[in-house]
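I opened my notebook to get to know this protein one step at a time.

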Amino acid sequence: MLTIALLALLCASASVNAIQARSSSYNGEYGGSGGKRFSHSGNQLDGPITAIRVRVNRYYIVGLQVRYGKVWSDYVGGTWGDLEEIFLHPGESVIQVSGKYKYYVRKLVFVTDKGRYLPFGKDTGTSFNAVPLYPNTVLRFISGRAGFFINAISLHWDVYPSDCSSC
C-alpha cells in the first residue's frame, strides 16, 4: 500500500514538473578570447532593460552599459570612441540581438518588440543572431568579457518582470 502511495506521489510530482513552463535561455558567448568576465545577472533585479549605452570606435564595440529599471549597470570596456545611447519606450523590450565579431565584438543590433532596430558598430566579421528559446521571453541581462574592448558577449533571456514599480 505504501509503495502504491509513493508511486502515485512520484507520478504527480513528475506531472507538475512537466506542466511548469520553462522560460530562461542563453545565447553566446560571441567574440574572441581575453578580457575580464562581467555579468549583469544581479542588475536584472532592478527591473527590465530600459536603456543601453554603447561606446564604439572605427573597428570595435569598445564599451557597454545597460540601465535596468532606473539603475545603470557598471560600465565595462574601454574609453576610446564615441558613446551612443538609446532609451527603450515604457513596456518595450529587446527580443533579438544580432551582431558581428572577430577578435572582439564589432557590431551589435538590438531589435525590440515594438519593431525598432537599434544598430551599433561596424558591419564586418562573423555574424551571430541571438533569440530566446522560449516564447514570450525578452532580454533580461548581458554577460561577457571585456578589457580595452568588448571581447565577447552573451545574452540571457527570461520573462518580463511582473512587478516593475521602479521602471
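**Entry 1: the overall layout**

I began by counting elements, and I found one helix and 13 strands in the protein chain. Helices (H or I, at least four residues) and strands (E, at least two) are DSSP runs, numbered from the N terminus. Reading along the sequence, I wrote down the pattern α-β-β-β-β-β-β-β-β-β-β-β-β-β.

Two notes on method belong here. This is a predicted model, where local features need pLDDT of at least 70, side-chain atom pairs count only at pLDDT 80 or more, and totals for chains, interfaces and linings use all residues. Residues are numbered from 1 along each chain as its sequence is written, and side-chain values use heavy atoms, with hydrogens and water left out.

**Entry 2: inside and outside**

Next I looked up burial, and 43% of the 167 residues in the protein chain are buried. Buried means under 20% relative accessible area, exposed over 50%, and partly exposed in between (1.4 Å probe, protein chains only).

The accessible surface of the chain comes to about 9300 Å², an area from the Shrake-Rupley method with a 1.4 Å probe, where for residues only the protein chains shown count as cover. Carbon and sulfur atoms hold 55% of this surface.

I then turned to contacts, meaning heavy atoms within 4.5 Å. Of the contacts with a separation of 6 or more, 62% are between residues 24 or more positions apart.

**Entry 3: strand S12**

How many of the residues of strand S12 are buried? I found nine of the nine in residues 138-146, so S12 is largely enclosed by the rest of the structure.

I checked the partners of S12 too, where two strands pair if DSSP finds at least two bridges between them. Strand S2 (residues 36-39) pairs with S12 in the antiparallel sense over four bridges, and here Lys36 stands opposite Ala146. S12 also runs antiparallel to strand S13 (residues 150-158), with eight bridges joining them. In S13, Ile150 is the bridge partner of Ala146. A hairpin leads from S12 to S13 through three residues.

**Entry 4: Leu139**

I picked out Leu139, which sits in strand S12. Leu139 has 3% relative accessibility, so it counts as buried. What does Leu139 touch, not counting residues up to four places away in sequence? I listed Ile49, Val94, Val97, Phe110, Leu155, His156 and Trp157. I also noted that Leu139 and Asp158 are 19 residues apart in sequence and 6.6 Å apart in space, C-alpha to C-alpha.

**Entry 5: a cavity**

On a 1 Å grid over the protein atoms alone, a cavity is a set of points where a 1.4 Å probe fits but cannot get out, and lining residues have an atom within 4 Å of a point. The largest cavity has a volume of about 40 Å³. Grid points are joined across faces, edges and corners, and a volume is the space filled by probe spheres set on the points.

The lining includes Pro48, Leu88 and Tyr160, and Leu139 is also among the lining residues. S12 gives the largest share of this lining, three residues. I sorted the lining by class and got seven nonpolar, one polar and two charged residues. Ala, Val, Leu, Ile, Met, Phe, Trp, Tyr, Cys and Pro count as nonpolar, Asp, Glu, Lys and Arg as charged, and the others, Gly among them, as polar.

I wrote myself a reminder: most residues other than glycine have a negative phi, and most peptide bonds are trans. Phi of Asn136, however, is positive, near 60°. Asn136 lies in the loop between strand S11 (126-130) and S12, and its relative accessible area is 72%, so it is exposed.

A cis peptide bond joins Gly28 and Glu29, with omega about 15°. I located Glu29 in strand S1 (residues 25-31).

**Entry 6: two more residues**

Is Ser73 buried or exposed? With a relative accessible area of 2%, Ser73 is buried. I found Ser73 in the loop between strand S5 (71-72) and strand S6 (76-77).

Asp82 belongs to strand S7 (residues 82-87), and at 56% relative accessibility it counts as exposed. Leaving aside neighbours within four places in sequence, Asp82 is in contact with Val54, Arg55 and Val56.

Conventions: On a 1 Å grid over the protein atoms alone, a cavity is a set of points where a 1.4 Å probe fits but cannot get out, and a pocket is an open set with protein on both sides within 12 Å along at least five of seven lines; lining residues have an atom within 4 Å of a point.
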